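Please open the model in a viewer and keep the selection tool at hand.

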Amino acid sequence: MITLYGIKNCDTVKKARKWLEKNDVEYRFHDFREDGMQSVPLSDWLTEFGWQEVLNRRSTSWRALGEEQKSAMDNNSALAIAQETPTLIKRPVTVAGSETLFGFKEETLAAMIEKITALNGKEMA
């Protein structure tokens, strides 16, 4: 099962959800704000990918941080701040099995779905 993490009013999340639905891909949506951050594997993401990949450094939330916070950013501080301000996380985050994608590009998501469905012996719709 695919889990799409994000915030429902985010335009990029809306595009990803629309693409998944158009392609008949089943998924579960986890809204950072509504569903909370307790079950989000944020620490795992930071360990595997690093804060530079997990945080959206082009976001309004990033620009609102002080220069001192930005320059001192590491995985530990990213964990604390992203739990408090989930809008800092690059969205959407798509997780399927051991695969994780940050952001949305049709080609990349399609490749991920094809890889996962091939592993499960299914064809993509």
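A salt bridge is a side-chain nitrogen of Lys or Arg within 4 Å of a carboxyl oxygen of Asp or Glu. The model is predicted, so local features need pLDDT of at least 70 and side-chain atom pairs count only at pLDDT 80 or more, while totals for chains, interfaces and linings use all residues. Residues are numbered from 1 along each chain as its sequence is written, and side-chain values use heavy atoms, with hydrogens and water left out.

First, select Asp 31, in strand 2 (residues 27-31); strands (E, at least two residues) and helices (H or I, at least four) are DSSP runs numbered from the N terminus. Asp 31 is buried, that is, under 20% relative accessible area, against over 50% for exposed (1.4 Å probe, protein chains only). Asp 31 has no salt bridge, and Lys 8, the nearest side chain of opposite charge, is 5.6 Å away. Lys and Arg count as positive, Asp and Glu as negative; His and the chain ends are not counted. The side chain of Asp 31 lies 2.8 Å from the backbone nitrogen of Arg 33 and 3.0 Å from that of Glu 34.

Next, select helix 7 (residues 75-84), where Ala 78, Ile 81 and Ala 82 are buried. These buried residues fall within an arc of 100 degrees seen down the axis, so they line one face of the helix; the arc is that of the directions from the helix axis to the C-beta atoms. The face turned away carries the exposed residues Asn 76 and Glu 84.

Terms used: A polar contact is a pair of N or O atoms within 3.5 Å; within protein, one must be able to donate a hydrogen and the other to accept it, and residues adjacent in sequence count only if both atoms are side-chain atoms.
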